[in-house]
Amino acid sequence: RDRSPSRGLGDVYKRQSYAFLKNAQPLVTGFTNKSIVINDVFLVDIESTKQAKTISIRVRNGLIKNISPVTLIPDPEELVIDGRGLYVTTGLIDMHVHLHDRYDLLLTLAHGITHVRNFNGSPKIMAFRDEIKDKKTIGPNITVASPAINQKSKFAHSTAHQFVNTTQDAINIVRKFKKQGYDMIKIYDGLKPDVFNAIAQTSLQLNMPFAGHPTFFLSIPEFLAAKPQSLEHIEMLYQTDLAYSESPQLLEQLIKDLKRANIPITASLIDYYHLAKIAVEKNNYIDSLPLDLINPNWRMIVKPSMESIALIKNANEWMNKANYLGYIANQLYSENIPMLIGSDAGANYTLHGIATIQEMQLLEKYGIERNKILTSATITPAKSLEITETMQIRAGHTANLLLLKTDPRKELNSYYSIQGIVHNEKYYDNIMIQDMKKLATKHMNRFEYIGWELIKKIFY
């Protein structure tokens, strides 16, 4: 079906917009052989603690054709990859990002993330999604959430939100976002019960998942009873049902409620942890960040708030809160509540791709077992998105494969030095992956960026 981001705009906008006239192109060209053979590589089973066994894999037209315990004899036209000494595993899924720029796609893919769920929906992001799907450019596959639907209240403060007043407004906006081509609905924390329920019911009627911040006007059990795809951010649990308290009794009850509901939780610790680091280490920490990887337009927008955090005096309170959020994460993982990796990359100074790995490492710092962390970056999100056939190394499944120097079950640093990626019917070797990282310091020019912002205003 037509999911073009121009739907509803009219052809005149598409013809006149620089953003649409700017042709998408692969920023890094991968190998496009129809058939790829990866010989003698160690297979990593994320859910197992057993030693990796040696296998060979044939990929044909983007699908895993067969897996062999012995070296495969290639046909003359096949691309052959020597996997000796390397480990093969599935790509990662980041369930909460905010893309700003085509070059964010490169940085994300270069760190092994082959699918993202994007939460700052716009025509631009839908265009990125379709360009990748049509193989006009490269990057992770994208599930695009709508702009946040919210309600005017003391909790509402963002000009990026779409505000509704009545249940009919809520029904209409969900229908509109469905028609415009969004994959799911994003909800925010200022929604009152009647409006929230109208959004939830309409979304489910249209077979359109919804997810986002729990609202302050409902308890967590009431929120989860509406069957969101996920609840976003442990920090929101702290702010809503825990009411900023570290009471063991309140946390124990919250965990019981979450376990009973069995709805996935996106932890998203790394963004707040970075803010706490800015509070404690001030400009020394900001100066240590590779800010050239962030779109300059976005960097300019968030710079004042980052500098204001560096001036605060109660820095230890920020870090204490960050550590308590980590403790909550530990408790949720310990109770086997389904958990999702979501870096919130693109918020503040949180870096695409890099923050996904940092999120996993931070969870490990808080005492969470590595295999559970990896499961929440692969298998659990794949189930939530109903794309399990892309996240398992099985014959007949889509090939989303990473070649690593070391077993990620032993060290998460593996993802910083990926040796090869098979994604969307292409193979990228280590040189190409390094090119992705270098090119990520470039950005969409100002005319294209502003063009998309104008389209967004017209679109809504």
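**An exposed loop residue and the packing around it**

Mentor: Asn165 has a relative accessible area of 57% and is therefore exposed. This is a predicted model.

Trainee: In which loop is Asn165 found, and which residues does Asn165 touch, leaving out those up to four places away in sequence?

Mentor: Asn165 sits in the loop between strand 9 (162-163) and helix 5. With residues up to four places away in sequence not counted, the residues that Asn165 touches are Gln151 and Val195.

Trainee: How many Å apart are Asn165 and Leu191 in space, C-alpha to C-alpha?

Mentor: In sequence, Asn165 and Leu191 are 26 residues apart. In space, the C-alpha to C-alpha distance between Asn165 and Leu191 is 9.4 Å.

Trainee: Are helix 5 and helix 6 roughly parallel or roughly antiparallel to each other?

Mentor: Helix 5 (residues 167-180) packs on helix 6 (residues 193-205) at an angle of about 30 degrees, and their axes are 8 Å apart. Angles under 35 degrees count as roughly parallel. Helix 5 and helix 6 are therefore roughly parallel.

Trainee: Is the crossing of helix 5 and helix 6 left-handed or right-handed, and how many residues of each class are in the contact?

Mentor: The crossing of helix 5 and helix 6 is right-handed. Helix 5 contributes Thr167, Ala170, Ile171, Val174 and Arg175, and helix 6 contributes Asp194, Val195, Ala198, Ile199, Thr202 and Ser203. By class, this contact of helix 5 with helix 6 has six nonpolar, three polar and two charged residues.

Trainee: How are helix 3 and helix 17 oriented to each other?

Mentor: Helix 3 (residues 102-110) and helix 17 (residues 430-439) pack at an angle of about 140 degrees, with axes 8 Å apart. Roughly antiparallel would need an angle over 145 degrees. Helix 3 and helix 17 are therefore oblique.

Trainee: Which residues of helix 17 meet helix 3?

Mentor: Helix 3 and helix 17 pass in a left-handed crossing. On the helix 3 side the residues are Tyr103, Leu106, Leu109 and Ala110; on the helix 17 side they are Ile433, Met436, Lys437 and Leu439.

Trainee: Which residues touch the most other members of the largest nonpolar core, and which helix gives the most to this core?

Mentor: The largest nonpolar core has 119 residues, and Ile234 and Leu332 touch the most other members. With nine residues, the helix that gives the most to this core is helix 13 (residues 315-334).

How values were computed:
Residues numbered from 1 in each chain as written. Predicted model: local features only at pLDDT ≥ 70, side-chain atom pairs only at ≥ 80, totals over all residues. Heavy atoms only, no water. Axes fitted to C-alpha atoms, helices over the stretch in contact; angles between N-to-C directions. Helix = DSSP H or I, 4+ residues; strand = E, 2+ residues; numbered from the N terminus. Parallel < 35°, antiparallel > 145°, perpendicular 65-115°, else oblique. Left-handed = near helix turned anticlockwise from the far one by under 90°. Contact = heavy atoms within 4.5 Å. Nonpolar A, V, L, I, M, F, W, Y, C, P; charged D, E, K, R; others polar. Core = buried A, V, L, I, M, F, W, Y, C linked by side-chain atoms within 4.5 Å. Buried < 20%, exposed > 50% of the residue type's maximum accessible area, 1.4 Å probe, protein only.
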